[in-house]
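Please examine the sequence and the structure shown below. The briefing that follows treats a few selected features, grouped by topic.

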Amino acid sequence: MAGKGSGKDKQPGTRLVNAGRDPRWTTAPDTLGGVVNPPIWRASTHLYESMAALRKGRPNEDGHFYYGRRGAPTQWALAEALTELEPGAAGTLLYPSGVAAIAGVLLAVLRSGDVLLMTDNAYEPSRSMAHGLLKDCGIETRWFDPLDPAAFAAACCERTRAVLLESPGSLTMDVQDMPALAALARERNITVIFDNTWAGPLGFPALERGADITIMSLSKHIGGHADLMMGSASAEVQWYGKLRRTAQQLGHVVSPDDAALALRGIRTMGVRLERETASALAIAEWLAARPEVSRVLCPMLPGSPGHELWSRDFTGGCGLFSFVFKGGSSDARDGFIDALALFGIGFSWGGFESLATPVDPAPIRTASAWPLAGMAAEDRFGVRLSIGLEDPADLIADIEQALGAWGKA
Ligand SMILES: *Cc1c(COP(=O)(O)O)cnc(C)c1O
């Protein structure tokens, strides 16, 4: 049963307000009423009324009391909410972080002797997983140019069981031709795993675009307030059971308090994303006209790399993008970031507050060029901005004064 008003016939704002608010999770038994939000059920032990009830228990079904590791109503409400927001999903698993979600999915899909193809712009911890955990399990990873479906096809072999895609990619924001890549994968029986942290289901319905499994770091847009670590994986019916078994074997569980924070974040995610997208676009446009800037890497901006594919395949954006200085040095970039007054310096993104971090993809990439084609070799000092909910005019004024510090370095 879905929350009232969370149906696919409703607009995103309505679905975000109602997702997961099933009366089963918000109403106390034998009372006349309930509450708006699913209460926080803190529990390791779930109690049965009798031995007969214990014998009838359904430990392998979602939404039934059994033991804390299988969750309780707060976590079930969150998982259901995420499933309702993801067109095509049969169910959603929750993980203690986005990285745990990526590891949990890869361990469910791959086995010793398999080859995993990974996009060359993948989130850095996904790459290091390939060199460590996956390698130790006998799984080989190969990388391919995110912008070249032919390179992907050429990298496939009979041992290729899965591909990990991420678009727009971490740091460089490359947009992949997802329908083309998914079609190539499908022809070869390769499972498509998509890291959809950037757009989320409002901006990119990943399963509808050809993914078999879609992963999100809920620490970003869903949390939205820089105080939550969590991840999720949603899948169609043929993968959901396997993911669930593996998550349970790995002992993955999230706390009910964190699940309640994630549910709270969902309610305002739509308005936050709209505002952050509009502000990011205004700032990207302003930066693109500055003499200090070589390239703005913001797929939402017309003329920016990936804009055409983004316009074709995405239904929304967010506040995260990068730009690259014209020349300069690492020290000059540090000076720019230090001079910013309204941007925090820190990892993660998607919170209400703006952040800036340096971007250096060259030493990470192995299968594609950086700087991008058409960029001068000396244009390689990038900055990633996560635009929050501050007034964009104040953010632009702050960037403008910090560009003065860059120019003087
Ligand atoms: C942050 C991030 C993750 C990892 O999420 P955590 O919750 O920090 O573990 C995965 N993928 C992308 C694209 C991210 O930005």
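Which residues in helix 5 meet which residues in helix 10? G104, V105, L107, A108 and V109 in helix 5 meet W239, K242, L243 and T246 in helix 10, where contact means heavy atoms within 4.5 Å. This is a predicted model, in which local features need pLDDT of at least 70 and side-chain atom pairs count only at pLDDT 80 or more, while totals for chains, interfaces and linings use all residues. Residues are numbered from 1 along each chain as its sequence is written, and side-chain values use heavy atoms, with hydrogens and water left out.

**Helix 5 and helix 10**
- By class, the contact of helix 5 with helix 10 has six nonpolar, two polar and one charged residues (Ala, Val, Leu, Ile, Met, Phe, Trp, Tyr, Cys and Pro count as nonpolar, Asp, Glu, Lys and Arg as charged, and the others, Gly among them, as polar).
- Helix 5 (residues 98-109) and helix 10 (residues 237-249) have axes 9 Å apart and pack at an angle of about 115° (helices are DSSP runs of H or I, at least four residues, numbered from the N terminus; axes are lines fitted to C-alpha atoms over the stretch in contact, and angles run from 0 to 180 degrees between N-to-C directions).

**Residue T74**
- T74 lies in helix 4 (residues 73-85).
- T74 counts as buried because its relative accessibility is 0% (buried means under 20% relative accessible area, exposed over 50%, partly exposed in between, with a 1.4 Å probe and protein chains only).
- Leaving aside neighbours within four places in sequence, T74 is in contact with residues including P39, W41 and L263.

**Residue R264**
- R264 belongs to helix 11 (residues 256-288).
- R264 counts as exposed because its relative accessibility is 62%.
- The C-alpha atoms of R264 and D334 are separated by 36 Å, and the two residues are 70 residues apart along the chain.

How values were computed:
Helix = DSSP H or I, 4+ residues; strand = E, 2+ residues; numbered from the N terminus.
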